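Morning, everyone. I'll take you through one structure, with a few stops inside it. Please look at the sequence and the model first.

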Amino acid sequence: MKWQGRRQSDNMEDRRGLGSTGKVVAGGGLIGIIILLINIFGGESAQNLAPILEQMQQGQSAPTESRELTPKEKEEGEFVNALLVDNEDVWTEIFKENGWTYKAPKLVLFSGQVSTACGGASSASGPFYCPGDQKVYMDMTFFDELKSKFGAKGGDFAVAYVVAHEIGHHVQTLLGTSAKMRQMQQGLSEAEANKLSVALELQADFYAGVWTHYNEQMKQILEPGDIEEALSAANAVGDDAIQKKMQGQVVPDSFTHGTSEQRMYWFNKGFKSGDIKQGDTFAEIR
């Protein structure tokens, strides 16, 4: 992906390397993996994770000193910032074309643990969007997990896909889709409510594809293999792929993010069409 030399956004907060004195949120080992699987790619369901994480807080304080970011971390920050700029440009244009006004979210890079308007979270949560403060939160170590534990190809466009997916949740917040979905979930069985969660996540995948379509037209960013990296990431985090890998069986009623096939399909549909109006993922469950 071509990203060097881009301007930088004022909407990114890099909290890596900052000292802290807060309580540690347990997230390592088996518990951390379970949390990661439950909340992978976060989205609106990040709010449901906060009480779990708070119950798992350690009683002692774990102060850390501030440190200088490594050259690798600095480059990662510049790359993610460039992705943020690209998302701001694309969604501003799409909203303008539809007579809407786009308000850009903030993006926070953190290490280990973070406090948000949706509660405390650890790096085990995976990247997530918090509608309470309209911020995307990311610990870059997630992408190592994506490759080593879930078999994704990795690469810079896998990161671009994840960022675009999470900002897709911000778009849903601005358009009122997320709030409407939560209202629709009231009174439903867990299985039926999960179907609505799947539709919300698949729409965020679709929006990631739409962003890719527009960004390629506007800035010619794609290089050979980029789309394959995005599809590999989408495939790796399908509910069926994760469940089969971790528990040896698939339980469709418990899906909250969609199958690998669904996630790849909706990303591809967004990428090929570039038409935000073709992303009614909720129509499939009506």
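Let's start with helix H8. Here Asp226, Ile227, Glu229, Ala230, Leu231, Ser232, Ala233, Ala234 and Ala236 are buried. Buried means under 20% relative accessible area, exposed over 50%, and partly exposed in between, with a 1.4 Å probe and protein chains only. Helices are DSSP runs of H or I with at least four residues, strands are E runs of at least two, and both are numbered from the N terminus. Nine of the eleven residues of H8 are buried, so the helix is largely enclosed by the rest of the structure.

A word on the source. This is a predicted model, where local features need pLDDT of at least 70, side-chain atom pairs count only at pLDDT 80 or more, and totals for chains, interfaces and linings use all residues. Residues are numbered from 1 along each chain as its sequence is written, and side-chain values use heavy atoms, leaving out hydrogens and water.

Now the core. A nonpolar core is a set of buried Ala, Val, Leu, Ile, Met, Phe, Trp, Tyr and Cys residues joined through side-chain atoms within 4.5 Å. The largest one has 49 residues. Trp91, Leu107, Met138, Phe157 and Trp211 have the most contacts inside it. Elements giving two or more residues to this core include H3 (71-97), H7 (190-219) and H8 (226-236). Which element gives the largest share? That is H5, with ten residues.

Take Met138. Contact means heavy atoms within 4.5 Å. Not counting residues up to four places away in sequence, Met138 touches Leu107, Val108, Leu109, Phe110, Pro127, Phe143, Val159 and Val163. There is also a second, separate core of eight residues, including Val108, Val114, Ala121 and Phe128.

Asn87 sits in helix H3, and Asn215 in helix H7. Buried or exposed, Asn87? Buried, at 1% relative accessible area. Asn215 is buried too, at 0%. They are 128 residues apart in sequence, but 8.0 Å apart in space, C-alpha to C-alpha. Leaving aside neighbours within four places in sequence, Asn87 contacts Val163, Ala164, Ile167 and Trp211.

Last stop, the hairpin. Strands E5 and E6 form it, with two residues between them. Two strands pair if DSSP finds at least two bridges between them. Here four bridges join E5 (residues 113-116) to E6 (residues 119-122), running antiparallel. Gln113 has Ser122 as its bridge partner in E6.
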